[in-house]
Amino acid sequence: MGIPSADWLVRPIGPVDEAEVSAVLAERFGVTGTVHDLGSQQDRNYRVRTETGDYVLKIANPASDPAALRAQCAAVERLADASGLRLPRAHAGVDGEVVQRLSAGGVELVCRLLDYVPGEPIMDSRYLAPPVVARLGELAGRVVAGLADFAGVEQERPQLWDLRNALTVVETLAPHLPDQERAARVLRASRAAHTLLEPFVDRLPVQVIHGDVTDNNVVCEPAADGRRMPVGVIDFGDLGLGWTVAELAVTCASVLHHHGAGPASVLPAVHAFHAVRPLANEEVDALWPLVVLRTSVMVVSGQYDTLLDPGNGYASVALDREWAMFEAAVSVPAEVMTAQLRHALGRPSAQLLPVAEHTLLPGLPDDVASLDLSVSSEELHTGRWLAPDAETVLARATLTAGHTAVRTRHGEFRLTRTTVDDSVPAATCALGVELHLTGPAEIRAPWAGTVTRHGDTGVTLHTGGLDLLLDGVDAEVQPGPVVSGRRLGTVAAREGVRVLGIQLFRSCATGDRPPRFAPPELAAGWLEVCPDPTRLFLAPDAPDASSSAPYDAPLSARDAQQAITEAELLERREHSFATVQEHYFETPPQIERGWRHHLVDTRGRGYLDMLNNVTILGHGHPGLGEAVHRQWRRLNTNSRFHYASVVELSERITGLLPAELDTVFLVNSGSEAVDLALRLAWAATGRQDVVAVEEAYHGWTYASDAVSTSIADNPNALASRPPWVHTVAAPNSYRGRHRGPQARRYAPEAAARIRELADQGRPLAAFVCEPYYGNAGGMALPDGYLRQVYEATRDVGGLCVADEVQVGYGRLGSHFWGFEQQGVVPDIVTVAKAMGNGHPLGAVITRRDIADAYRTQGYFFSSAGGSPVSSVVGLTVLDALRDEDLQTNAREIGAHLKGRLLELAERHALIGAVHGSGLYLGVEFVRDRESLEPATEETAAICDRLRELGVIVQPTSDRQCVLKIKPPLCLTRRSADVFADALDDVLTHGW
């Protein structure tokens, strides 16, 4: 095979003997030390370790111009003074020159001694989080800003990595590469990208750029959350004149090979670069074609290097990485990515459609009904949207109801396209419309053009750069030119159904057809390339026509409005909703739909809900919804009125508890339940002192907050307790004062403290504790703990309160109530959350004598506690728990999930422990399994990454280093595996 020849093609330098390297170091630079080959694609880099510091000796390729090397050193000095970055500053040799000559293997070479810049690269394929990608873009921006007026480079010959030469490089090398199938793909993509770039080449600013601010040429420091954040830039070997925006294109390309990356992954880098060095419109338009060209050059040059130097392991290893970048870069048409970039920077295009001279469907009636397939659809309730034929079923039902035509909506994020248990967001944004008809309808060309056929029933009308794609046509027209108004055919009937698919598409340079649906993260770009065809067949004043973007509006109007709505809603929340009522995630998805153990945001992204311990039955439970609907239409009042449901609920609850717990109070929340429980204890004992367990949360009312000791919820929790609250150590057997077998000491110490208080004249009114330690992450109390502490409490005349707000109602799987696991019977039980499946409902259950003692405080009343609606909710939840056998499901699926998590702990050192039982679990992350240093920041970052993978989970514990795993009890084995797999993915590939 012949080797191409061009003055910008550089033959890789071979290895230089380390003895020769050491001799050069001593002779030319006066440095002695150990030498280690770092590898390089074309030069040779050697790390030099000395007693006074570390350096890098760079031996340049024979084609390197010494003047260019001096310019690189000067550029580094310029940036070192202005950018604040870590940089490889050059050291002069013994003769005062930074560039030194040497002879190796009979070849005259030049070299430089540079500072070794400490830190790690991020070239491996691990996941790059948005903040890391943003930092890459920021560094690229700071470099070009710092070099904006640098004039120390004279470029006499074309450079391989100068993207102004990209097409020439690809066309020269591609025909000579071993893999000609790949070479042909790269060649086609490069030519298409160059076509898009040509209108801007004379308008793009040119300056000296680094040319290689990539994941391989930045050094990083680990941030608090374990992410490697770029802090410096190395390897100025590609410094030269080039388009300024090419610096950003190179950076963006380097992101694309990382785990889970796609075209949208580069957006944080673009935003960050733009914030430092604003991009002109033509630079935005040129950016993605340049990314395609950069990846194309990398593929062909990488194969060329291995062809010339088969033993170059550095170049060989890079081949798969370079191909992954190219594949990602061309996975979306460049026109789509350009539109997406414009949208992201607030610059959507305002391209207009040609004026339609004839209506597409002249016989269509004016009253075309519009299907609502969005996340807020009222028709797609009770999980109907998961059926594969949901759209067809709804369309037929609408036609059966009396309409002759039904249409879908362009730009709608369809709930019917949402997937669950999938780490990749589904393509949910409709890029066209479908028209469902009861009878025949003729189709005419809205404007002149050229007709082609695709498939059996597909017709495309080409008009300039715009295509009208029709699917479901009994075509009558032959391929070729047609005039405006020409009859194309009729809507085809298939099995009694007439459905016409209509899509507009601004033709792309690659010639590819558009998909029917776009993923949410690229919806804005695709909508600009695929404008709304609705007005081709629907009159502007027709009913519901306003649901489509204006015909002459910017093509991304619908998506832009959606994005504005989400952003504005969050801003309105911050202005009107007290900010201490925090929201999950810094940029939260807008969740508007739930079904069983899944949530769906407004863009149709499905999430696995591993967090919602409130909705114990799952979201959207049909039986519960119907029961509430029936009761609300019938009656809702307060429990002073006499009706059956409040009696039935009270009897059902007491029937689930030991016989002595026979009296029920109904309230609205867990906070109220704990508050009332304490007031009952005060009334029954005539005392006020209470002992609570540290690191626990019980509520926000005065009394429940007083006994809440978690510093995660209140940093001043321990210091701000009223004098009547006393605490005992958290019985945490994993990281508490006593661990492992020594955890048995917690109970006698707590009992001793209770007796000590009594001896001091402060006997308890109550001891309050979760019978399964929730705030710590779902951790069992030491065996016998409650038995010993309850005995001590009762010995001094106090009452024992079991806070079952989180753990009760079968969540443990093995027991319906948490206290059963300890083999005790409390005096007072509080329950909420699960009791109403999200409806505000709670209860306090106690003995009759304790309940009657409240008379000394007056009377008790709750306006909504025990109302007819609330009582029906409570009864329906209990029925569903029984009929759907959810406690058994919690036991079986919980055991399977815990087994999966324990297996992950064997492979991932970050997992210190897996706590819990049933579907009341916690995964505790530690930086060191000996010291148990909590991995707090890592846990937050892991939760963010899991959300990106479609799993909703949050941290818990005072150290915020435990994943709180308390999903609805309807969780399936498949979903449990999805969660475990997602967590494995994050711990393996990074967060």
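**Close-up views of a predicted model**

**View 1. Packing of helices H18 and H19.** Helix H18 (residues 746–759) and helix H19 (residues 785–795) have axes that come within 8 Å and cross at roughly 10°. Axes are lines fitted to C-alpha atoms, for helices over the stretch in contact, and angles run from 0 to 180 degrees between N-to-C directions. H18 and H19 are therefore roughly parallel to each other (angles under 35 degrees count as roughly parallel). On the H18 side, the contact (heavy atoms within 4.5 Å) is made by Tyr-746, Ala-747, Pro-748, Ala-750, Ala-751, Ile-754 and Arg-755. H19 contributes Tyr-785, Gln-788, Val-789, Ala-792, Thr-793 and Asp-795. By class, the contact of H18 with H19 has nine nonpolar, two polar and two charged residues; Ala, Val, Leu, Ile, Met, Phe, Trp, Tyr, Cys and Pro count as nonpolar, Asp, Glu, Lys and Arg as charged, and the others, Gly among them, as polar. Helices (H or I, at least four residues) and strands (E, at least two) are DSSP runs, numbered from the N terminus.

The model is predicted: local features need pLDDT of at least 70, side-chain atom pairs count only at pLDDT 80 or more, and totals for chains, interfaces and linings use all residues. Residues are numbered from 1 along each chain as its sequence is written, and side-chain values use heavy atoms, with hydrogens and water left out.

**View 2. The open sheet S15-S21-S19.** Three strands form this open sheet, in the order S15-S21-S19, with antiparallel pairing (two strands pair if DSSP finds at least two bridges between them). Strands S15 (442–444) and S19 (473–475) are the edge strands, each pairing on one side only. From one strand to the next, the twist averages 35°. S15 is joined to strand S21 (residues 487–491) by three bridges, and the two run antiparallel. Ile-443 stands opposite Gly-489 in S21.

View 3. Most residues other than glycine have a negative phi. Tyr-809, although not a glycine, has a positive phi of about 70°; its place is in the loop between strand S34 (799–803) and strand S35 (828–831). Tyr-809 is buried, with a relative accessible area of 1% (buried means under 20%, exposed over 50%, partly exposed in between, with a 1.4 Å probe and protein chains only). Asp-885, also not a glycine, has a positive phi of about 50° and lies in the loop between helix H21 (868–883) and helix H22 (886–907). At 42% relative accessibility, Asp-885 counts as partly exposed.

View 4. Asp-285 lies in helix H8 (residues 281–308) and counts as buried at 15% relative accessibility. Leaving aside neighbours within four places in sequence, Asp-285 is in contact with Phe-200, Thr-338 and Arg-342.

Conventions:
Angles under 35 degrees count as roughly parallel, over 145 as roughly antiparallel, 65 to 115 as roughly perpendicular and the rest as oblique.
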